[in-house]
Amino acid sequence: MIRFEQVRFGYRDGEDVLSLSAFDLDARDNILVVGPSGCGKTTFLHLVAGLLVPTAGRVIVDGQDLAALSPAARDRFRGRHIGIVLQQFHLLPTLTALQNLLVAQSVAGLPVDRAWAHGMLEALGVNERASALPHELSVGQQQRVAIARALVNRPKLLLADEPTSNLDDESCAQVIDLLLNVTPQHGAALVVATHDSRLKSRIPRQLVLSRHASGARA
Amino acid sequence: MNLVQLAWSYLRARPLGTLLNVLLLALGVGTIGFVLIVDGQIGERLNRDAKGIDLVVGAKGSPIQLILTGIFHLDAPTGNIPLKSAEELAKNPLIRHVIPLSLGDSFRGFRIVGTTPDYLGLYDGTFASGQIWTDRMQAVLGASVAAKAGLGVGGRFVGSHGLAEGGAVHADSVYTVVGVLNPTGTVLDRLVLVNTESVWFVHEGKITDPEELKVIAGEREVTVLLVQYATPLAAVSLPRMINKETNMQAASPAYETARLFRMIGVGADVIRAFGGVVLATAALSLFIALYHALNERAYDIAVLRTLGARPLSIATMLLLEALMLALIGGILGLVLAHGLVAILAWWMAQQDSLSITAWTASPTELWLLVPALIAAMLAALLPCWRAARSNISATLARRN
C-alpha cells in the first residue's frame, strides 16, 4: 500500500528533516509512527498524503508514484484514495456533520451520495446528529464525524495525525478503538502518527523516527 | 454540497460582514442606477416634448426660459408678443407652420393653454372621451389634469389668474369640459387646452363698449409661437432675422435643451461619481473581508485540500463568495435605484412637473450589475491567488 524508496526530504540542501531508505506497508495493515516531536512524524504523513513531495527518492501509494502526478492530480488522488484524520478533528465549522461528509465527496470529484454519507455517520453512531453544526457537537461526536469524513470516499489508506493528543485516557481508548475497528471494516490500512505512548500497546507494528534523520527504523 | 453551497455557507456564517458588503454594493449600484434611470427618462421626456418643434418664438428674455415655458410649461413666460407680429411672421416663406400658445391662467396649478387643435397633433393626442372644442370657453383636459381634478366631459370649472395655484379666480368665466385626452407621457398630460379666443375672452369679457373692444382687438397678444420650418435652411437665417429685426426672441429647442442638459449633467456627474466612490469602497471592504477570511480560514482551506480540493477549487470558492455578494448587492441596488426614482417621481408629480415612472425596468439595467461584478472580481483577485498558492503542509504542521 505504501512504499518508500530512498526517500529524503528537506527544506534546504544538506538538512534533511526525514530520510527513509526503505519502508513498506501492506494493504489493511496498521502501523504506528512514533518518535519525539520534531522527528518528522508529520513530514512522514504529509509525504504519504502527497502534501509534500520528497527531495529525493520515491513515495509510492497504492502503486502510484505521487511525485509523478501533477499537483492537481495529486490533490484528486489524495481525495479519492487517502482519508486523513487531523489533530482536533477539524470539521468545517460552517457545515453540518452530514455536509462535512458530502463536501468530502464533492471536492474529491466523486458523486454526492447522501445515503452513503448517512450510512457512514450511522456506522460511527452519530447519524442522529447529521444536521448539527460542529460547535453543537460534543468532542466525542466531532471525533466520530471526522473519522466518518475520512472514510466516506472508501479510501484504501487512513492517516491519523496525533488523534489522541489532549484526550484523557478514556477518550483516547475510545478513539483508538474506533480507528482499529472501523478501518478494517472498510478494508483500509491505518497509519497513526503520535508521540502518545498510550497507543504503543494497541498497534504493535511501529516506525520509530528519531531527530537524527537517518535513524528511521521500521 | 458543491462549491456554491460551500461559499454560501461561509457567507451565512458571518451575517454582519455579509450585510455590510451587500449594503455597500447596493448603495453604489443604486446611486449609479438612479442617475441612469432619471437621466434617461428626463432626456426621453424632454425630447418627446420638443419633437416636431424647430423654433420657439416669444418675448425677449432668456432663451432657456422661453423654451421651458413654451415647450415644457415649467417656467413663467418672458412676456407676450403682439398678435400682429405673430401673424406677420407666420407669412414668412421659410415657415411651414405656426402653433400659437396663449398662457396666463391656470386651473389647480395646471396651465390653461389657449391654442389651436394642431397642438394636439404635435403629441399625437387622442381623445379618451369627448372631442375638440367648437367654441370658446370649451376645454380639453390632459389625462393627468382630468384624473387629478376628477373632471370628465360636461364638467365645469373656472380658471385662476396666474400660473401658480392660488391666483385670483375668474369667477364669471366658466369653462366646460368637452374632451379628455388619453395619456401620452408628454407635457400634454398636464395641460388644459382651450382655443385662443377663450383666453382673450376671459380677460376682455367685462368690456362691452364696442369702441373699446375694437382697440383691445388691435392689441391682442399671444405668449409663444411654436414654429416648424419649411426648409432646413430656415435654421440658418430665421432665428437671426427674428432676434435682430423684430422685438421678439427666437430660441432653438434642440440647442437650448442640450445647454440645459449640460447644466443638469454636472449634477448627474457628481452623483454618478459618488456612486463610483461608494462602489470602490465596497470593493475595498470586500477585499478586506476576503483577505481576512483567508487568514481566518487558513486551516479550513488546508482541510479542504486534504479532502482532495484542488487549488483552483479553493480560489473558485472565494471568487464565488465575492460574486454572490456582488449579485445580491447589485440586484438590491437596482431595487434601491427604482425606489429612489419612485420618491423623485412622487415629488415631481406633487410639483406637477415632468412625469417619470419608477417601475418600468429595461433589460439594459442589468448592465449595472457588471460594475458590481467587476468590483467583486478585482477584490477577490489577490485573496484567490493567495488561497490557491497557500502551503497546506505548513498550515497543518503549524497547528499540530
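The legends below describe close-up views of a predicted model. Residues are numbered from 1 along each chain as its sequence is written, with chains lettered from A and ligands numbered from 1 in the order in which they are written.

**View 1. Packing of helices α5 and α6 in chain A.** Helix α5 (residues 139–151) packs against helix α6 (residues 169–185) at an angle of about 20°, and their axes lie 11 Å apart. Axes are lines fitted to C-alpha atoms, for helices over the stretch in contact, and angles run from 0 to 180 degrees between N-to-C directions. Helices (H or I, at least four residues) and strands (E, at least two) are DSSP runs, numbered from the N terminus.

**View 2. Residues joining α5(A) and α6(A).** From α5(A), G140(A), Q143(A), R144(A), I147(A) and L151(A) meet S171(A), Q174(A), V175(A), L178(A), L179(A) and V182(A) of α6(A). Two residues are in contact if their C-beta atoms, placed from the backbone, lie within 7 Å. By class, this contact comprises 6 nonpolar, 4 polar and 1 charged residues. Ala, Val, Leu, Ile, Met, Phe, Trp, Tyr, Cys and Pro count as nonpolar, Asp, Glu, Lys and Arg as charged, and the others, Gly among them, as polar.

**View 3. Helix α1 of chain A and the residue after it.** Because 9 of the 9 residues of α1 (residues 41–49) are buried, this helix is largely enclosed by the rest of the structure. Among these buried residues are F44(A), L45(A), H46(A) and L47(A). A residue is buried if 20 or more other C-beta atoms lie within 10 Å of its own, exposed if 12 or fewer, and partly exposed in between, with C-beta atoms placed from the backbone. G50(A) follows α1(A) and has a positive phi, near 80°.

**View 4. The side of chain A that touches chain B.** Here 28 residues of chain A are in contact with 23 residues of chain B. On the chain A side, α1, α2 (71–81) and α3 (97–107) are the elements that give two or more residues. This side has 14 nonpolar, 8 polar and 6 charged residues.

**View 5. Elements and burial in chain B.** Chain B contains 14 helices and 12 strands. Of its 400 residues, 42% count as buried. The C-alpha atoms of chain B fill a box of roughly 115 × 45 × 30 Å, taken along the principal axes.

Terms used. This is a predicted model: local features need pLDDT of at least 70, side-chain atom pairs count only at pLDDT 80 or more; totals for chains, interfaces and linings use all residues.
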